[in-house]
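Here's a quick briefing on how the parts of this model meet. Have the sequence and the 3D view open as you read.

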Amino acid sequence: MTRTRTPGISRRSTLALMGAGAMSVAAPWVARAQAKTVKIGMPTILSGRVAQLGTSSRNAVMLEVDKVNAAGGLAGRQIEMVVRDSKGAPQEAARVARELVNTDGCELLLDGEASSGSFAVHEVARDLGVLCIHTNSEASSLTADPKQHIPNAFRCVRQGIHDSIVGGSYAAGIAKAKGLKKWATCSPDYAYGRDTTGEFTLYLKRFAPDVEVISESWPKLFQPDYTEVVTKILQAKPQALYSCLWGGDLTSYIDQANIYAMFAQMEVFAVNMADYTALTVVKNLPKGIHSGNRYIKTYPSTPENAAWGDAYKAKYNEYPTNWSWQNATAVMFLAEAAKKANSTDGKKIAEVLAGLTIKCPFGADGTVTMRGDDHTLVGYAIGWGTTIPQEPYVPEVKAGDWKTIFELEAEWKKSKGYT
Amino acid sequence: MTELEAGRAQALLPVRSGAALQRYRDVLIALIAFAVLASLPMFTGSEALLDFVIRCSAYGLFATSLNLLVGYTGLTSFGHGMFFGLGAYSFGLIMQKLGVPIPVAFVATLAITAVIAAVIGAICVRLKDIYFAFVTLAFQMLIHSTILSWASFTGGDQGLRGGIPRPVFLGIDLANHVHLYVASCALLILGLLAMRQIAQSPFGYTLRMIRDNAARASFLGIDVWRAKLTVFVLAALFASMGGMVMALFVSGAYPEFAYWTISGEGIFINMLGGVSTFLGPMVGTVLLLLLNDTVTRFTEYHGIVLGVVILFFALGLRKGLLDFVAEWYTHRRDAGEGR
Amino acid sequence: MDLDALTGCLTSSACLVTQTTSGLIIGMLLFLVAVGLTLIFGVLKIVNFSHGAFYMFGAYFAMTTYHLTESFALAMLAGAAGTAILGLIFERVFMSRVYGADVLMQLLVCYAFVLIFDDVVRLIWGPEFKSMGMPAAFQVMPLFIAGGVVPPYYLLLIGVALVAAIVLGIGLSRSRIGKVIRAAAHNPGMVSALGINTGLIYGGVFALGGMLAGLAGALAAPVRSLTPGMGFSVLIESFIVTVIGGMGSIVGALVGALLIGLIRSFGSLGFPLFTEGLMYLFMVIVLVSKPTGLFGKEAA
């Protein structure tokens, strides 16, 4: 539920504002009256193994919110972010999301949850009708499945299916040129890993029909030791390997595969390699790993993108992550939609958001679009390239073609029974 | 009741009238508690307070049922959370796939839980002490692994998506927040009352005897294995009820519900509130949830805060809060009488 | 299921050698963590739920030392010594207060420290994952033995763990201090009546256990990413190892660790989607058929 506000400060709301601070401590469940500022709630993961997801998301959001506030705020109201930790547990994510809306008076939600947590927040959005933008969950079904669709939820995240279409066609080109016929896969054993890997091989075979997958490995998420997986792949003697491991799992895997000299024996396609979190951490990064872009300040190679990456680095003394650009884009969307709607009302913003195209440093052509029919982000910069062990890490990125992506995505949706 | 228990009940006949009196008192307290809780929405419009009580119902049922094992029988289960998850998943899956009325799904879930708990329990209760703890933990992890692996049925790591449908039954609409709240309170109070009856029944005293001296109980002709299995299944049923409340609250079921951390939280709640009084786990539930909700509002380093609080209880009080209060009270009363 | 791959591997010497050494590598590292766990349980009768944190600290200490000094040997030393000191302090200041208390109370203290230690690591080293990097000396081509592949670094790792196992085994059964420790495990009252400081023994055993876990963390640091909470999955596996081998038995920890290593390495060929489940299944089978574990003594 979103509440509308009449302009001007009434005596009552001033008093409520004064009492709000005290009340939040004394009685967490006393709902506060509407304030001059517009509160945006953000449940995300700030502790545990993927705390970096939450911290780098929050950093990017704050960077953009400061800009919006400096420029006059969201339809004239200053934004106040309320970011809270869910510990990655779905029941906590649901609780925190409800609390943010019901108790803290947040009128909009940015959902920084991953995997199961995002589905839990999605149900809260369905229940409360509050505008919600998912910023970290790549699970395709969240927006592609019409059963999940609700008018007040959007997703501002890259998607595995897009990566796989671009990656499949890129990899097929190299497979044909180098004669790579025998492939192995190694991906984390959860929905994202399975779906993305399945889709990648589907498009790889489509563009290079004589490719054959001879070995599959499915290590658990956060598995510390990959030795048995590495040796299993070495036994199979493939010519190329695909992996969608990410973050610390990917760097562990690289370190462990390195001492078996695996990277000299096959071409490696690791879609999540070209993210600063992995690139800057791996000490002996092998040359020539093929990767999709995550966030990299040299792609798209525009001054806007480079400036954004530098501003983030200057403020937080670290490079942005893939999560960062997605969250920043979500704030940009909100700001633009609120301006167009001239309101902070969730319903009105949602109407404008569907189908909205905005200028954005992370767009393939300088713009990104919130697609109208399934409320998901398209038109972002997407491409593949090979890594080198020092900056700029991925010197050349071969851009993906959004026209092909749209065609194949429509086909994929049909095959899944989503359309 | 088994023959044996009936036999024991006869032996306890002289105290029967006292027990009956206490039962009336318990029912009265339960009725008052329910009346207070159920009238709460009339006095406050705070959705968050209602959410809090709903979550207390889910965790409270779960933690109190664990205390039937830990406190009353001396069976330290590290895997009790599997029944919490089982309840949430069975209920969610039945509602999503079969579309039956909610009470039918509720009863069916309890039946499924009873069968699975009987199978797992039959294997586990043969073991004692720390080995019982480990084997229950292993079963919990096995169930968790299965939920993750069987993605076509359970949704894998993404859980049951798309929300749990809640058709109106008998004029009760669980999609309505206040209705859900009252229903949760009713389940909590009924569950607590039922568990209290079990704890105070002759069977409950049989359990205490097994806890204190299993060999002696066995010499007295009690079938220890059967009694342990019975309470294992009973406790699983109430844990499953807690899981159903949680599934309704989040409108879904997620693998985290069947993960060992839920069992860990249950143990933690019991230690926090105290295991030697019936309401200890309930006090622990309220304490832990309050603590969790407040601390996460102010810091993301809640691990340190929570850790220090635990240390205060473990090293400072050396027992759960209600145990501490109860002992302090007896101590004072005794001192007063002695004067 | 992929039983063809499994039988195919069992008939090829190259595959057999590679997968067996891979099982050894996983197993020996697990052994280092698990043996500390089993030692602490055997002597102090405490299930050290915070043992994973020592593994984590060992890795972080090693990484920081390595980045400061560039010396691999110093890094290993820092990992082991740092956690030994930590273990001693932890035991003397906190754990010693809950001896004789309820098992659950002891678990609770350990659980509190799991929470605290993870947050402390996050405060000091940050939430992002880190990598130590492989020392240049080990950045060499792997060895080929009977067609199987074995990296030199893992040979070192297996060697260190083996030495630790032998020293522990002989030390406990032959040396005077070993006899005192075993006596303290059996009858602490008698030992202290003989004028031996049991507090010192308990502290020492805890430090030793912590040191072994820290050493495991330090050895793992070059090949595993470091994050707060990294000790957790290792802890769970070590528990499985000690339960299978028998709580309190060092031989049991060794056998259990190797069994789990082999289940993982060959299981990943035959049951790629249920490797984890296999471990739990194995644990259930052992517990049900012999509750005290393969090498555990019947409870006194």
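Axes here are lines fitted to C-alpha atoms, for helices over the stretch in contact, with angles running from 0 to 180 degrees between N-to-C directions. This is a predicted model, so to speak of local features takes pLDDT of at least 70 and side-chain atom pairs count only at pLDDT 80 or more, while totals for chains, interfaces and linings use all residues. Residues are numbered from 1 along each chain as its sequence is written, chains are lettered from A and ligands numbered from 1 in the order written, and side-chain values use heavy atoms, leaving out hydrogens and water.

**A helix pair in chain B**
- The axes of α8 (177-200) and α9 (202-212) of chain B come within 4 Å and cross at roughly 65 degrees; helices are DSSP runs (H or I, at least four residues) and strands are too (E, at least two), numbered from the N terminus.
- On the α8(B) side, B:Ile198, B:Ala199 and B:Gln200 make the contact (heavy atoms within 4.5 Å).
- α9(B) brings B:Pro202, B:Phe203, B:Gly204, B:Tyr205 and B:Arg208.

**Chain A against chain C**
- Chain A puts 36 residues into this contact and chain C 41.
- About 3,300 Å² is buried between them, 56% of it from carbon and sulfur atoms; buried area is the accessible area (1.4 Å probe) that two parts lose on being put together, summed over both.
- A:Arg49, A:Glu228 and A:Ile259 lose the most area in chain A, together 21% of what that side buries.
- There are two salt bridges between these chains, meaning a side-chain nitrogen of Lys or Arg within 4 Å of a carboxyl oxygen of Asp or Glu.
- A:Asp225 forms a salt bridge with C:Arg224, with the closest N and O atoms 2.5 Å apart.
- α9(A) gives the most to the chain A side, with seven residues.

**Two domains within chain A**
- Domain 1 covers 11-159 + 303-378 and domain 2 covers 161-299 + 381-416; these bounds come from an automatic or database domain assignment.
- Their centres, taken over C-alpha atoms, are 30 Å apart.
- Together the domains bury about 2,300 Å², 55% of it on carbon and sulfur atoms.
- In domain 1, A:Arg158, A:Gln159 and A:Tyr319 lose the most area to domain 2, together 27% of what that side buries.
- Four salt bridges cross this interface, and the side chains of A:Arg158 and A:Asp163 meet in a salt bridge at 3.2 Å, N to O.
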